[in-house]
Amino acid sequence: LEQNGTKLFIKIFEMSSKIRSVFHFADNLIDLNDLKDNKSLRDHSTRFMRAVEFAVQNMDNLTYVKRVFTNLGRMHIRFHNFKAGYFGVFQGAMMVQWKKEIGDDLTSQAKDGWRKLFDIVISHLAHGYTLAVEEQKKVLAEVEQNKNKMSPKLPLRRIDFTKTSPNVPTLNTDTARTSQSPNELPSPPKDTTKRSNSPNGPPCP
């Protein structure tokens, strides 16, 4: 699986340079053969091949297979610059690589069987991805709508600070002066309460 998966993805990158930009380890590479020992590509391609193997083993339960690959398609929303049309390149590369690996043993009947399987896999991957894109657009639109509701854009109003508002009293700085020096603190009030001779007794009335 690991070796065939790597060969498959190198074939995909050969068929479409745009898909290479989706994968950071393949973008801007001059020689794609340098990817043969790339761990990131090896891990990703192995997961893809295991998914195809899962589809082969569960052909008697297509409803389950379709649901699984729809969910896998949704996960591709995390890939930057990915497009649903790229899945078609995957399907074409898979048929080319299968024919190359199987050779003369790939009869016309077997070829039709693989093509039907790839149709199911790729179409539901694309369907899941499209659903995720539409859901993302809907969420972003709701966030933007709520943002506009919470922060309404009010018209700017020119304020003349030379005029005094009629509702705000003014302070006459000429008459509102205290006799106290600004550096003097007010004296505390005198305690005129009579106290008993006993240090612990209540104050006398």
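## Helices and pockets in a predicted model

The axes of helix α3 (residues 39-57) and helix α5 (residues 86-102) come within 14 Å of each other and cross at roughly 80 degrees. That makes α3 and α5 roughly perpendicular, a label used for angles of 65 to 115 degrees, with under 35 counting as roughly parallel, over 145 as roughly antiparallel and the rest as oblique. Axes here are lines fitted to C-alpha atoms, for helices over the stretch in contact, and angles run from 0 to 180 degrees between N-to-C directions. On the α3 side the contact is made by F48, M49 and V52, and on the α5 side by F90, M94 and W98; contact means heavy atoms within 4.5 Å. By class, that contact has 6 nonpolar residues, no polar ones and no charged ones. Ala, Val, Leu, Ile, Met, Phe, Trp, Tyr, Cys and Pro count as nonpolar, Asp, Glu, Lys and Arg as charged, and the others, Gly among them, as polar.

A quick word on the ground rules. This is a predicted model, where local features need pLDDT of at least 70 and side-chain atom pairs count only at pLDDT 80 or more, while totals for chains, interfaces and linings use all residues. Residues are numbered from 1 along each chain as its sequence is written, and side-chain values use heavy atoms, with hydrogens and water left out.

Zooming out, the protein chain has 6 helices and 0 strands. Helices (H or I, at least four residues) and strands (E, at least two) are DSSP runs, numbered from the N terminus. Of the 205 residues in the chain, 26% are buried, which is to say under 20% relative accessible area, with exposed being over 50% and partly exposed in between (1.4 Å probe, protein chains only). Among contacts in the chain with a separation of 6 or more, 64% are between residues 24 or more positions apart.

| Pocket | Volume | Lining residues | Lining by class |
|---|---|---|---|
| Largest | about 330 Å³ | 16 residues | 12 nonpolar, 2 polar, 2 charged |

A pocket is an open set of points on a 1 Å grid over the protein atoms alone, where a 1.4 Å probe fits and protein lies on both sides within 12 Å along at least five of seven lines; lining residues have an atom within 4 Å of a point. Grid points are joined across faces, edges and corners, and a volume is the space filled by probe spheres set on the points.

In the largest pocket, H44, R47, F48, L72 and H76 lie nearest the centre. Helices α3, α4 (62-75) and α5 each supply at least two residues of its lining, and the largest share, 4 residues, comes from α3. F48 also belongs to the contact of α3 with α5.

T6 sits in helix α1 and is buried, at a relative accessible area of 7%. Beyond its neighbours within four places in sequence, T6 is in contact with L35, K36, L41, R42 and S45.

R67, in helix α4, is partly exposed, with a relative accessible area of 47%. R67 and G128 are 61 residues apart in sequence and 8.9 Å apart in space, C-alpha to C-alpha.
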